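Here is a report for a reader who is meeting this structure for the first time. Please look through the sequence and the model before reading on.

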Amino acid sequence: MKFQIPIGPQHPALKEPISLRMTVEGEVIRDVDIRLGYNHRGLEKLAEQRNWTQNIYLTERICGICSHSHTTCYVQGVEKLMEIEPPRRGVYIRYLVSELERIHSHLLWLGIAGHEAGFDSFFMYTWRDREVVMDLLEMISGNRVHYAMNTIGGVRRDVDTALIQKILDGIKILRERSEFYFKIGANEPTFVGRLAGVGYLSKENALALCAVGPTARASGVARDVRKNDPHAFYDEMPFDLITADSCDVLGRTVVRIKELMESYKICEHLLKTLPSGDIAVKAPKKAKPNEFVSRYEAPRGENIHYIKSNGTDKPERLKVRAPTLANYPATIEMLRNGFIADIPLIFAAIDPCICCAERTVELVNARSGEESVVRFSDLRTLAAKRASNRTAKGNVPWPL
Amino acid sequence: MNDEQILEIINTRFAGRVRDVSHPHARRIFFAADPKDLPAVIAGLKEAVPGMWYIATISGVDLGETFEIVYHFGHDNGAVNIKTRVPKAAPHIESITSIIPGAVLYERELQDMFGMTIERIPDPRPLITPEDWPAGNFPLRKDWTFERVPEVIPGGKK
């Protein structure tokens, strides 16, 4: 006797709207159907009506966790289309924020894995330590989530010596804590017992279903854009590609903790070899008719933007493929023949970001919910006032 | 396998079936093929380029009278992008899911967003658009514009 149970679009196990329809036989899942679209707001269409600079802010709002990934992917493509080369210091700061973002995303995921496995103290520990990296990101960019660091031709904010020291100190703490998590993740019997063997995805299936990111790497597929298709300077960075052969949720946990270590290594290397000079160059308003395929390794896997220009100040086409979408076919395979009780764990293990996959514009209401209309000139005055009061001044004049 | 080796495979093994082979940036190869040759070319390349050959995504572009479909493939040393064109009046294309099963979501997205018909797709249901989406509305076509339905408040606005 087969039953169908719907999970979502609104369900306590899911943080974002998606509909999973499970066909079950007793406790065992026999088939899964995923229905998307609850979060789709037509970003690709919107991008065609905005100019190159406005689209940075649009792509930033594709996702609330990997916001920097999308802008970096977009900006590095547009720079190629406009045939400009960002200064080396700007590029270093851009990818420093990328790696810090990977650290915060992986720590967030570790917490969720602990929570879904019923190990809530692990969740609280990791999220407490995640605050360290969130504070660092706030010190660098002024924001905790939407960093707004990228601009076409470089980055918008510089780092000074005091800040570099703070980042290095923060990374030292995080490294110690991550070693502790690795010990727990690999040795704590209850945690390992809950995760091992759950959500099996064979290497053959991971290859056939085109899985990306830690999901693919935990199934023994050495797939990482930073190694396979090194954007910017990743070919000269000292880091290893992490894979695991256990093909289950435990493997995905181990891969992510080990990747944290690699990200610390990259951050330290970046800060120690940070070149001096400008952080941005002036970008033209228009781009010649051309096309570029921009790939970037986001915390969840490969992020790909196909950007086509037509000679105007607006893109002809901007296609965004976020890593979560690529992992859905693999998720169906992982859930099949699993148990109902494992659904949250397996689904959380791909680190799903539904608003990424559906390319929405996510607008969070202000706390008061009050609406107010501010003129653009007032905003500019406010921004100028705020900048003049800032304690840590960037040592490079804003070039644009 | 580096760019030169892949370019050589494309130019020798698929001569006559591919055109406009270009190599604009390091690790980026573009070429075009006819829709009828596409499955054979993709299957042949998948066999010839060993390692982690996979589909990254499929982009549709509305060019006015025709649709351009760009298949983005990743391999262990870069990306290969295959373009093909179908007329807007009869946008039919063969599914490649028999060669690469992971392509199904992107093909469903093409159906939803551009109104293309993917032949022999294993799962033709809409992916993104809701069940009550009006027929014949394909948002990413250039001639489609969104008009907000005027809000009607029962009893009138006070």
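The sections below go through confidence, the helices and sheets of each chain, and the contact between the chains.

## Basis and confidence

Residues are numbered from 1 along each chain as its sequence is written, while chains are lettered from A and ligands numbered from 1 in the order in which they are written. This is a predicted model, in which local features need pLDDT of at least 70, side-chain atom pairs count only at pLDDT 80 or more, and totals for chains, interfaces and linings use all residues.

The pLDDT is the predictor's confidence in each residue, from 0 to 100. Chain A has a mean pLDDT of 85, and 88% of its residues reach 70 or more. Over residues 360-372 of chain A, however, the pLDDT is below 50, and this stretch has 12 contacts in the model beyond near neighbours in sequence; two residues are in contact if their C-beta atoms, placed from the backbone, lie within 7 Å. The pLDDT is also below 50 over residues 392-400 of chain A, a stretch with 14 contacts beyond near neighbours in sequence.

## Chain A as a whole

Chain A contains 15 helices and 8 strands, where helices (H or I, at least four residues) and strands (E, at least two) are DSSP runs, numbered from the N terminus. Of the 400 residues in chain A, 49% are buried; a residue is buried if 20 or more other C-beta atoms lie within 10 Å of its own, exposed if 12 or fewer, and partly exposed in between, with C-beta atoms placed from the backbone. Among the contacts in chain A with a separation of 6 or more, 71% join residues 24 or more positions apart.

Helix α6 of chain A, residues 161-187, has 27 residues and reaches 39 Å from its first C-alpha to its last, close to the 39 Å expected at 1.5 Å a residue; the expected span is 1.5 Å times one less than the number of residues. Its buried residues are A:I167, A:G170, A:I171, A:L174, A:S178, A:Y181 and A:G185. An α-helix has 3.6 residues a turn, so residues three or four places apart point the same way. The buried residues of α6(A) pack against α4 (88-116), α5 (120-141), α7 (189-195) and α11 (249-272) of chain A.

## The sheet of β6, β7 and β8 in chain A

In chain A, 3 strands form an open sheet in the order β6-β7-β8 with antiparallel pairing; two strands pair if DSSP finds at least two bridges between them. Because β6 (290-298) and β8 (315-321) of chain A stand at the edges, each with a single partner strand, one side of each is left without a neighbour in the sheet. β6(A) pairs with β7 (residues 301-309) of chain A over 9 bridges in the antiparallel sense, and A:R295 stands opposite A:I304 in β7(A).

Helix α3 (residues 67-81) of chain A packs on this sheet, touching β6 and β7 of chain A, and its direction makes about 150° with that of β6(A). Axes are lines fitted to C-alpha atoms, for helices over the stretch in contact, and angles run from 0 to 180 degrees between N-to-C directions. Helix α12 (residues 323-335) of chain A lies across β6, β7 and β8 of chain A, running at about 125° to β7(A).

## The sheet of chain B

In chain B, 5 strands form an open sheet in the order β1-β2-β5-β4-β3, and the pairing is mixed. The edge strands are β1 (18-25) and β3 (54-62) of chain B, each pairing on one side only, and the twist averages 20° from one strand to the next. Helix α2 (residues 38-48) of chain B lies across β1, β2 (28-33) and β5 of chain B, at about 170° to β5(B).

β3(B) and β4(B) run antiparallel and are joined by 8 bridges, with B:G60 having B:I69 as its bridge partner in β4(B). These strands form a hairpin with 3 residues between them, and B:G64 in the turn has a positive phi of about 105°. β4 (residues 66-75) and β5 (residues 78-87) of chain B pair in the antiparallel sense over 10 bridges.

## Where the chains meet

The contact takes 29 residues from chain B and 28 residues from chain A. On the side of chain B that touches chain A, β3(B) gives the most, with 6 residues. In β3(B), 9 of its 9 residues are buried.
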